[in-house]
Amino acid sequence: MEHQHKLFPLLLLLLFQVLIVASQTDSGDFTALSSLIQSWKNKPLNWVGSDPCGSDWDGIRCANSRIIELKLPGLNLEGELSSAIQSLSELDTLDLSYNAGMTGTIPKEIGNLKNLNSLALVNCGFSGPIPDSIGSLKKLTFLALNSNKFNGNIPRTLGNLAILDWLDLDDNQLEGSIPVSDGQGQPGLDMLLKAQHFHLGNNKLSGPIPLTLFNSSMILEHVLFDHNQLTGSIPSSLSLLSKVEVVRFDKNRLSGRVPNSLNNLEKLSEIYLSHNELNGSLPDFTGMTRLTYVDLSDNNFNSSDIPSWVYASSLPDLTTVILKDNQLSGTLNLSSGYRRSLQLIDLQNNAITDLEMGNQKLNFDLRLGQNKICLENGVSNEVYCKAPQVIPSYSTPTNNCPTPSCSNNQIASPNCKCAFPYIGNLSSRAFSFSNYSNTSYYAEIEQSLMSTFRKENIPVDSVSLSNPIKVTSTDNFQLTLNVFPSQADRFNTTGVSTAAFVLSNQIYTPPAFFSPYIFIGLSYSYYGGEPKGSKSSNTGAIIGAVVGILVFLVLAILIGLYIIRKKRTRSSELNPFVNWEQNKNSGAAPQLKGARWFSFDEMRKYTNNFAEANTIGSGGYGQVYQGALPTGELVAIKRAGKESMQGAVEFKTEIELLSRVHHKNLVSLVGFCYEKGEQMLVYEYVPNGTLMDSLTGKSGIWMDWIRRLKVTLGAARGLTYLHELADPPIIHRDIKSSNILLDNHLVAKVADFGLSKLLVDSDRGHVTTQVKGTMGYLDPEYYMTQQLTEKSDVYSFGVLMLELATSRKPIEQGKYIVREVMRVMDTSKDLYNLHSVLDQSILKGTRPKGLERYVELALRCVKEYAADRPSMAEVAKEIESIIELVGVNPNSESTSTTETYEEAGAGNGKHPYVNDGEFEYSGMFPTIRVDPQ
Ligand SMILES: *[C@@H]1O[C@H](CO)[C@@H](O)[C@H](O)[C@H]1NC(C)=O
Ligand SMILES: *[C@@H]1O[C@H](CO)[C@@H](O)[C@H](O)[C@H]1NC(C)=O
Ligand SMILES: *[C@@H]1O[C@H](CO)[C@@H](O)[C@H](O)[C@H]1NC(C)=O
Ligand SMILES: *[C@@H]1O[C@H](CO)[C@@H](O)[C@H](O)[C@H]1NC(C)=O
Ligand SMILES: *[C@@H]1O[C@H](CO)[C@@H](O)[C@H](O)[C@H]1NC(C)=O
Ligand SMILES: *[C@@H]1O[C@H](CO)[C@@H](O)[C@H](O)[C@H]1NC(C)=O
């Protein structure tokens, strides 16, 4: 006997493993991923089931059953990066950029991702120190942690990333000095001989720039240390970087002279040394033959006379020289000519006394304001003494098409289509031009973006740039970038994350004059497209499924046997209702259909010890938690507070009733917990929130006309079931948009039904009760007579339909939706003259077919006399026929075309149950009470 007890669980475990192997995802990876994403919010719609690899979860890619890519930028995700990440040991790419709601620290366990090649966490909410363990990611080539709130030092272990190409720690709160190796085993950034990018700007780094940081073995192209607190002089070793193109040391506390050796940097194109304490005469840059942009402003340079490299033709590409706020004196002598490429020389606020022009005409922008020369009479009116230029506005022009007027946050694309673009700020960290009115630069950026999106196969219709500005805090040149979708009016999850990935991972290479760039994207929340679900037609999946089912059957039999055996030996261990019997005066154990009993310890485990992070709703009744069962199934657990606890008999009545109600359009009860003085109800988790959240835009799920029709039909079918097929029938009594939940496929599920008062003394027709309900949805006849029938639900349903057509609350600014619709309605006019009250977003594009019939039906539901209103079955039938008229199969989202209502179980009386819930907008599950009879 004892041996068998030990053998059975072992067998089960083995079989479970067989079952999981039948899926295309490695079981360890699935477990790690489930744990990683367990408390994340706003996950992609198609993250359902237990086979991310086999069912192509958005943003996840696999190879040989192992997860190798998590590409999730721009998805509005919220959560933390937990240590569970370490088990995804084949991970090559991890990108969570542009999810401002991703917070917390980077776990040190990240160091175990030995195969990680690219790590991008750009513009999230991460904080705390960067763990030393990042230095163990030996295969890393791309590391972008910019625009977070990381603090502490730059870990010197980064020096161990021997093949790192891109290091971006910009825009954080890092402090301390830049680490270099000490020759005694301590690593430092000087060891990064494969790095082309050191982007460490906009932090709080201090101390001198170490002389040994740079040497001739390095291939650095971009050295960006701007906006820190670095001191000391510019290290002469900078001149050893023969490949360097951009140097930004601006906005630090560097002092002394600029080393003469910098003149060797033949590839240098942009050099920013402004806002330091540099002194001596202006350096000689005549050797930097590729120079385009020089900013030496706000230092203590004190040359007498301006050296000729500033304007003469020896540097053919130089467009811009900014020397303002120094102590330059003497004459600016342009009389022997100046180079054609010149766009701007800014010498404001110096001590220049003279300008020699000879026969030249000024055809570049010269700024001499606040110099002695501009204080002289007769000169101060010259253009070059006036205030500096402003950047002219720009916006990508349309492609020879008329601009449509778009509604509801949509924006017209350059191809004149209204859509929800993916939006962000695209900034050049070293823009090499100053002639901002020359729009050919913008056009070149637009073309290069489009060609990258095309090459990467991303469904982009067009891009537009607008709002050029020079950002004062960073000196970056910034444009607003809108990326428009090609197929529909919005991107789906894959569209957004792939487009964002191109920018977060620097796959897009801009024209040299814009390089290097950063992109900071907004989160995108207008996903469209139907989730693919886990339907998969490939043979692997089918074989997997068949094997799975077989194994499952064997498993089920074994579990049955096991339970029977266990029961015989220690009957209490698995009997869910032993605890019931131990509570005195609770009557017999409840008769449940399909619902499970859970122990308190299980509940605690599944909700992470009722963690704050798992809370999804709360109210007078207590709290609702999200939990995950060991199977991966997500549940919503309603835990009653002390005050809203019911007696055992009432609780039993409630779970018996709920467990009998099974319908696709009703939120179903998974189980309950009644132990240790706690009462909890475990419901299926409905991921997409309430219909009210969708209509008010809170959940970011956009409802087009067809979706609205389908939601109406789903809710009507759920109610029809309660009225006509549940036994005994149930009157909901609180139909409203916050009681309709939407699942993964946006199928409507009615919540908060059946909490109930058993009315034995009434006939089938109506019952007399104390009036309950929600203002705006309340049947006036019921209100006056206190006689409750199913038709009261029909009334509320009519109000709900008007809410769906108008996206207005039933009572808004003192106006009652029913009266408003009746007031403007005129059946002789187009769309019954309802344009002014309808939701404008369903009016644009194709005409909302069947809308007139829909509103007529809604108005029949809200007839004054109950007898004049249709039954819910009639309402459902009429909506079906409207949907057919639109040309859509009303059952297209269900697996079978014929709706099968499961017959409700025990009880043969026909007494209607009446919802006696409390009415509060309190999250997903309102209070449930049962009054004893
Ligand atoms: C540059 O520095 C690295 C690391 O300190 C060292 O390995 C390399 O030999 C140095 N190269 C030269 C030319 O000094
Ligand atoms: C330049 O700055 C350095 C350091 O601040 C200082 O020691 C030196 O005297 C200054 N030289 C001149 C010419 O002002
Ligand atoms: C610049 O300043 C230094 C120190 O104050 C001085 O010795 C030098 O003559 C100045 N040069 C010019 C051109 O004014
Ligand atoms: C300006 O340059 C011209 C040509 O090189 C020269 O003839 C003239 O003397 C210069 N003027 C001054 C004030 O240095
Ligand atoms: C883009 O830049 C503008 C102006 O600096 C700023 O107001 C806005 O918040 C930025 N947007 C993002 C997504 O960073
Ligand atoms: C997302 O959109 C792309 C292109 O528009 C399409 O190929 C893909 O099937 C869509 N994905 C889903 C899950 O709908």
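For the classes used below, Ala, Val, Leu, Ile, Met, Phe, Trp, Tyr, Cys and Pro count as nonpolar, Asp, Glu, Lys and Arg as charged, and the others, Gly among them, as polar. The model is predicted, so that local features need pLDDT of at least 70 and side-chain atom pairs count only at pLDDT 80 or more, while totals for chains, interfaces and linings use all residues. Residues are numbered from 1 along each chain as its sequence is written, chains are lettered from A and ligands numbered from 1 in the order in which they are written, and side-chain values use heavy atoms, with hydrogens and water left out.

**Exercise 1. Describe the surroundings of ligand 1.**

Step 1. Taking a residue as near when one of its heavy atoms lies within 4 Å of the molecule, the shell of ligand 1 consists of Ser181, Asp190, Met191, Asn215, Ser216 and Ser217. By class, this shell holds one nonpolar, four polar and one charged residue.

Step 2. Next come the polar contacts (pairs of N or O atoms within 3.5 Å). Oxygen atoms of ligand 1 lie 2.2 Å from a side-chain N or O atom of asparagine 215 and 2.9 Å from a polar side-chain atom of aspartate 190, whereas a nitrogen atom of ligand 1 lies 2.7 Å from a polar side-chain atom of serine 217.

Step 3. On its own, ligand 1 has 360 Å² of accessible area, by the Shrake-Rupley method with a 1.4 Å probe, and the protein covers 50% of that area.

**Exercise 2. Work out the arrangement of the seven-stranded sheet.**

Step 1. Strands are DSSP runs of E with at least two residues, numbered from the N terminus, and two of them pair if DSSP finds at least two bridges between them. The open sheet runs in the order S3-S5-S7-S9-S11-S13-S15, with parallel pairing.

Step 2. Strand S3 (78–80) and strand S15 (229–231) are the edges, and each has a single partner strand, so one side of each lacks a neighbour in the sheet. Ignoring direction, neighbouring strands are turned by 15° against each other on average, with axes taken as lines fitted to C-alpha atoms.

Step 3. Three bridges join S3 to strand S5 (residues 101–104) in the parallel sense, and the partner of glutamate 78 in S5 is glycine 101. Strand S11 (residues 173–176) pairs with strand S13 (residues 204–208) over two bridges, where glutamate 175 stands opposite lysine 204. S13 in turn pairs with S15 over three bridges, with proline 208 opposite threonine 231.

**Exercise 3. Locate the salt bridge between aspartate 461 and lysine 417.**

Step 1. A salt bridge requires a side-chain nitrogen of Lys or Arg within 4 Å of a carboxyl oxygen of Asp or Glu, and the structure holds 26 of them. Aspartate 461 and lysine 417 form one, at 3.5 Å from N to O.

Step 2. Aspartate 461 belongs to strand S30 (residues 460–470), while lysine 417 sits in the loop between strand S27 (411–412) and strand S28 (418–419), so that the pair links distant parts of the chain, 44 residues apart.

Conventions:
Polar contact = N/O pair within 3.5 Å; in protein donor to acceptor, adjacent residues only side chain to side chain. Helix = DSSP H or I, 4+ residues; strand = E, 2+ residues; numbered from the N terminus. Axes fitted to C-alpha atoms, helices over the stretch in contact; angles between N-to-C directions.
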